[in-house]
Amino acid sequence: MRLDGKHAVVTGGASGIGRATALRLVAEGAEVWVGDLDRAGGEALAQESGGRIHFLVTDVTDEAQIAALMNAPDGLDIAFNNAGAGGARDRIDEISADDWDRTQNLLLRSVALGIRHAAPLMAKRGGGSIVNTSSVSALGTGYAPIAYSTAKAGVLHLTKLAAAELARDRIRVNAVVPGFITTNIFTRHLEVGEDKRAAANQAIAGIAAQAQPVARAGRPEDIAAAVAFLASDDAAFVNGTHILVDGGMTIGTRASWDPQSPSLFTALEAFQ
């Protein structure tokens, strides 16, 4: 019960990583307010929690709605800025300005405004913990579309800058960097029935199990565990950094961990 008596806000908490994290924070003693556009999913989650999770319909591209969510608890200790989607998928030489702006507003501006409206409330409580969701796509190429990846890289730098500015108020700001986590973010854009979407998610999970040294797909609960740590006093000396939860995906080239993958060294061995 590391979070006993704490008040927490989770954006994008009706499904996926946000949902798993809201449940984990409750399991560790917190009372949680979840914001999401998915009313049905949010209300179902609140009911499942036995009253420990409260749901508010929230569009994180609307500053007034972010502010309302952060002010919903009677005092705020923990904020998890997590809401997001895949955003525009176009190449840099094809993307429209409007699609670029929509993606940045959803994935980066919303995090900045979440911090902006959470911080004064935490300062009144004598401190707090803010955790932001970034992505492995912030660390390299080939993981996600360019607009998404750029926004997630911005989240990492914003995290460090905000940690520096808010340290005087005893507010810690960190980020979690998920790898290949099986959520609906990959199939949400598909205009197909639920049966085909479920089949696509299953196929993605199979691919994910081969994408990194840890030979299974990442789960929302893997990220939730890292967020709970960063939110707790166990991470009291952790500030302005990130935790990479990617199953080892970013260790190095595939040849460094997959003996079946060709490399320069294995090619040379054939001539010995």
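Analyst: Start with V245, which lies in strand β7. Keep in mind that the model is predicted.

User: Is V245 buried or exposed?

Analyst: V245 counts as buried because its relative accessibility is 18%, and the cut-off for buried is under 20%.

User: Which residues does V245 contact, leaving aside its neighbours within four places in sequence?

Analyst: V245 is in contact with V176, V177, P178, G179, I181, D222, I223 and A226. Take P178 from that list: P178 and V245 are 67 residues apart in sequence, yet their C-alpha atoms are 5.0 Å apart in space. For the chain as a whole, consider contacts between residues at least 6 apart in sequence: 68% of them join residues at least 24 apart.

User: What does the chain consist of, in helices and strands?

Analyst: The protein chain has eight helices and seven strands. Of its 272 residues, 45% count as buried.

User: How should I read the buried residues as a group?

Analyst: In soluble globular proteins, nonpolar side chains tend to be buried together. In this model the largest nonpolar core has 27 residues, and L25, V32, V34 and V176 touch the most other members. At least two residues of this core come from each of β1 (7-11), α1 (16-27), β2 (31-36), α2 (39-48), β3 (53-57), β4 (78-81) and α7 (220-231). The largest share, six residues, is that of α7.

User: Which residues surround V32, beyond its neighbours within four places in sequence?

Analyst: V32 is in contact with A8, V10, A22, L25, V26, R52, I53 and H54. There is also a second, separate core of 23 residues, which includes V9, A119, L121 and V173.

User: How do I read a helix such as α7?

Analyst: An α-helix has 3.6 residues a turn, so residues three or four places apart point the same way. The buried residues of α7 are P220, I223, A224, A226, V227, A228, L230 and A231. These buried residues pack against α1, β4, β5 (128-133), β6 (171-178) and β7 (242-245). As for length, α7 has twelve residues and reaches 16 Å from its first C-alpha to its last, close to the 16 Å expected at 1.5 Å a residue.

User: And what are the length and the buried residues of α1?

Analyst: α1 has twelve residues and reaches 17 Å from first to last C-alpha, close to the 16 Å expected. Its buried residues are I17, G18, A20, T21, A22, L25 and V26. After α1 comes G29, whose phi is positive, near 110 degrees.

User: Where else is there a positive phi, at a residue that is not a glycine?

Analyst: R170 has a positive phi of about 60 degrees although it is not a glycine. R170 sits in the loop between α5 (146-166) and β6. R170 is exposed, because its relative accessible area is 65% and the cut-off for exposed is over 50%.

User: How do I look for empty space?

Analyst: Rolling a probe the size of a water molecule over the atoms shows where empty space is left. Here the count comes to one cavity of 30 Å³ or more. The largest cavity has a volume of about 50 Å³. Its lining is formed by T11, V60, I66, M70, N81, N82, A83, S110, V111 and G114. The elements that give two or more residues to this lining are α3 (63-70) and α4 (97-124), and α4 gives the most, with three residues. By class, the lining has five nonpolar, five polar and no charged residues.

User: Where does T11 lie, and is it buried or exposed?

Analyst: T11 is in strand β1. T11 is buried, with a relative accessible area of 6%. Not counting residues up to four places away in sequence, T11 touches G35, V60, L69, M70, F80, N81, N82 and A83. T11 and G114 are 103 residues apart along the chain, and their C-alpha atoms are separated by 8.8 Å.

User: What lines the second largest pocket?

Analyst: That pocket holds about 330 Å³ of space. Of its 18 lining residues, G127, G128, R170, R172 and D233 lie nearest its centre. β5 and β6 each supply at least two residues of the lining. By class, the lining has five nonpolar, six polar and seven charged residues.

Note on methods. Residues are numbered from 1 along each chain as its sequence is written. This is a predicted model: local features need pLDDT of at least 70, side-chain atom pairs count only at pLDDT 80 or more; totals for chains, interfaces and linings use all residues. Side-chain values use heavy atoms; hydrogens and water are left out. A nonpolar core is a set of buried Ala, Val, Leu, Ile, Met, Phe, Trp, Tyr and Cys residues joined through side-chain atoms within 4.5 Å. Buried means under 20% relative accessible area, exposed over 50%, partly exposed in between (1.4 Å probe, protein chains only). Helices (H or I, at least four residues) and strands (E, at least two) are DSSP runs, numbered from the N terminus. Contact means heavy atoms within 4.5 Å. The expected span of a helix is 1.5 Å times one less than its number of residues. On a 1 Å grid over the protein atoms alone, a cavity is a set of points where a 1.4 Å probe fits but cannot get out, and a pocket is an open set with protein on both sides within 12 Å along at least five of seven lines; lining residues have an atom within 4 Å of a point. Grid points are joined across faces, edges and corners, and a volume is the space filled by probe spheres set on the points. Ala, Val, Leu, Ile, Met, Phe, Trp, Tyr, Cys and Pro count as nonpolar, Asp, Glu, Lys and Arg as charged, and the others, Gly among them, as polar.
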